[in-house]
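Hi everyone, thanks for making time for this. Let's look at the structure together, and then I'll walk you through a few parts of it.

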Amino acid sequence: MQVSGIHPPGQTPEALDVAILVPGDNIAKIIGKAGSGLKQIREASGCKINVQAAGADRTATRRIDLIGQPVNIGHASGCMLATAFQGQPSVEVIVLIPDKCIGSVIGRGGENLKRVRETAGIHIQVERDPVLNPMTGEQERMLTVTGEPTMCGNGLGIALGNSGNACLPGLPASGGLPAGTPACAQQPPEVHSMGDDPDAVQIHLVIPGRLTGAIVGKQGSTIQQLAAQAGCKLAVSTRTSSADRRVICVGAPTCVVAAQQLVHNAALQACDTAGLDKELLNTVTAIFWIPKESSGAIIGKAGSTLGHIREQSMVKVQFGKEEARQMRPCTIMGSLQNVIHAEGLIINILIEDRIKQGPAKRPPVIQDTSDDSKRVRMGEFVDEQTKLLVPAKRAGAVIGKQGSGLGRIREECGVKVDMLQQSQAPYWPEDRILTLQGPLANRAAAVGAVLQMAFQGIENECVLKMLVSKADAGAIIGKSGSMLKQLRESTGISTQVEKEEVAGERLVHSQGAFLPVTAVARMIMDVLARSH
């Protein structure tokens with residue numbers, strides 16, 4: 001339903017009523033336990049949300065009505081679709097909008113639909129004939145929206161923002177919120193759900209709005225490829241009155257670091273294509289969303305910890321007071337590498353704070369973001385193995401007192417872990433061989449934990465040594481060294497593969513700061529998983 005009319009200047013126009021049809025099997029994911037999911041989306045977006053009651057067939061498609069301003073509907077629908085279709089790179093959904101808005105949604109000669117396609121990387125198909133809303137008797141038009149779930153919501157918000165100019169007098173031309181919009185509707189629309197992985201982080205990398213199309217790609221192809229390479233979720237924020245946009249990165253810390261490197265490289269290439277000065281990207285801004293319960297640990301007494309982060313990484317840091325999804329924003333400005341260094345310091349603090357607060361409420365097996373398989377038991381992956389070399393002089397830090405360190409890796413990462421005695425691998429006199437068995441994502445998390453323990457206090461001198469078979473070495477190198485080049489461009493550090501075999505294996509090694517090194521490890525493991 002849409003109530004139109006003339007609104008005095010400064011007053012909020014009447015809201016739009018937009019419906020999305022969702023398969024019954026996916027409704028429970030949106031609603032959440034005791035309605036917690038719906039409540040979270042309502043609070044974050046400022047939208048009123050009504051879910052059609054279930055009929056006799058609980059698997060039948062149900063209608064979810066979103067009532068609010070265009071930007072709020074865009075945020076709410078993006079959150080809802082990302083939750084309902086978690087793990088799916090692309091979806092096709094049916095959206096119903098008031099018939100009187102359709103002309104503005106399409107735009108003259110389809111220009112608005114084209115703008116949405118180029119900006120959000122999604123496709124919107126408009127049905128020719130209107131349909132009747134059985135509840136209100138009003139005419140609606142059916143849209144088929146195809147693309148990455150979150151981007152479908154963002155694109156819908158952009159399209160409706162344009163329609164709002166025609167249908168809702170008083171709405172700003174930018175599609176943003178007009179003066180007088182309730183405070184609950186002004187919450188940051190970009191903050192996404194974190195899912196159920198307590199190790200996941202959310203960082204927003206700010207990019208010039210003019211580069212958005214190049215980052216997203218045709219129908220979202222580029223950003224989907226970047227997400228696959230990094231092993232985390234990526235989305236672009238809804239357009240606002242600001243000239244900048246945000247690339248939203250959600251996932252394991254190492255993957256999010258790799259994602260920022262990939263996005264930054266893509267932005268540099270886009271500058272060449274667009275004829276823009278690359279100096280625009282010399283200084284970057286990243287917003288690290290911190291769980292509010294850990295805010296004190298990041299700030300420190302009288303801001304001492306923030307001061308330490310500034311000094312160590314040579315960046316500007318500002319900690320915001322506002323909250324969204326139980327998180328607070330920490331804005332970091334500087335060169336990309338310095339920003340990533342600061343993020344690494346923050347991640348270390350978060351890990352220490354979680355340990356102080358007690359055992360992490362993490363699942364026994366971490367869901368693999370590189371594919372959409374369900375969580376599985378350890379015994380099903382005994383053949384999946386990663387073999388590392390740990391400096392002998394640092395092996396004790398990994399083993400821990402009476403094996404407590406290895407036990408912690410087993411418990412927290414859900415892997416089988418073994419450290420061989422030096423006598424069992426005499427061909428590596430300065431190192432100890434450590435093997436990890438389990439699902440890909442669990443092994444990736446375990447590699448990060450091993451490096452964290454081994455190089456604690458000297459994170460900028462982290463060394464990755466991985467033993468692989470001859471065939472795996474070829475996959476890591478790639479045709480004419482293409483994969484090694486991609487690793488270097490994505491993480492900013494070099495990776496070498498030794499030519500000589502030792503006991504039938506070849507050594508892959510990389511050195512640098514903790515986060516880029518762990519990003520290299522994750523990318524190598526992803527490459528090997530795809531090649532097997």
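Let's start with two helices: the crossing of α16 and α18 is right-handed. Before going on, some housekeeping. This is a predicted model, where local features need pLDDT of at least 70 and side-chain atom pairs count only at pLDDT 80 or more, while totals for chains, interfaces and linings use all residues. Residues are numbered from 1 along each chain as its sequence is written, and side-chain values use heavy atoms, with hydrogens and water left out.

α16 and α18 pack at an angle of about 115°, and their axes are 9 Å apart. The axes are lines fitted to C-alpha atoms, for helices over the stretch in contact, and angles run from 0 to 180 degrees between N-to-C directions. Which residues make the contact? From α16 we have Asp-472, Ala-475 and Ile-476, and from α18 we have Ile-524, Val-527, Leu-528 and Ser-531. Contact, by the way, means heavy atoms within 4.5 Å. Those residues divide into 5 nonpolar, 1 polar and 1 charged. The scheme counts Ala, Val, Leu, Ile, Met, Phe, Trp, Tyr, Cys and Pro as nonpolar, Asp, Glu, Lys and Arg as charged, and the others, Gly among them, as polar.

Now stay with α16, residues 470-477. Its buried residues are Asp-472, Ala-473 and Ile-476; buried is under 20% relative accessible area, exposed is over 50%, and partly exposed is in between, using a 1.4 Å probe and protein chains only. Looking down the axis of α16, the buried residues fall within an arc of 105°, so they line one face of the helix. That arc is taken from the directions from the helix axis to the C-beta atoms. On the face of α16 turned away from the buried side, you'll find the exposed Lys-470 and Ala-471. What covers the buried residues of α16? The cover includes β17, α17, β18, β19 and α18. And just after α16 comes Gly-478, with a positive phi of about 80°.

Inside it, β14 and β17 are joined by 2 bridges, and Leu-388 has Met-466 in β17 as its bridge partner.

One more strand to finish: β4, residues 91-98. Of its 8 residues, 6 are buried, so the rest of the structure largely encloses it. β4 pairs antiparallel with β1 over 3 bridges, and with β7 over 8 bridges.

Key
Pairing = 2+ DSSP bridges. Helix = DSSP H or I, 4+ residues; strand = E, 2+ residues; numbered from the N terminus. Left-handed = near helix turned anticlockwise from the far one by under 90°.
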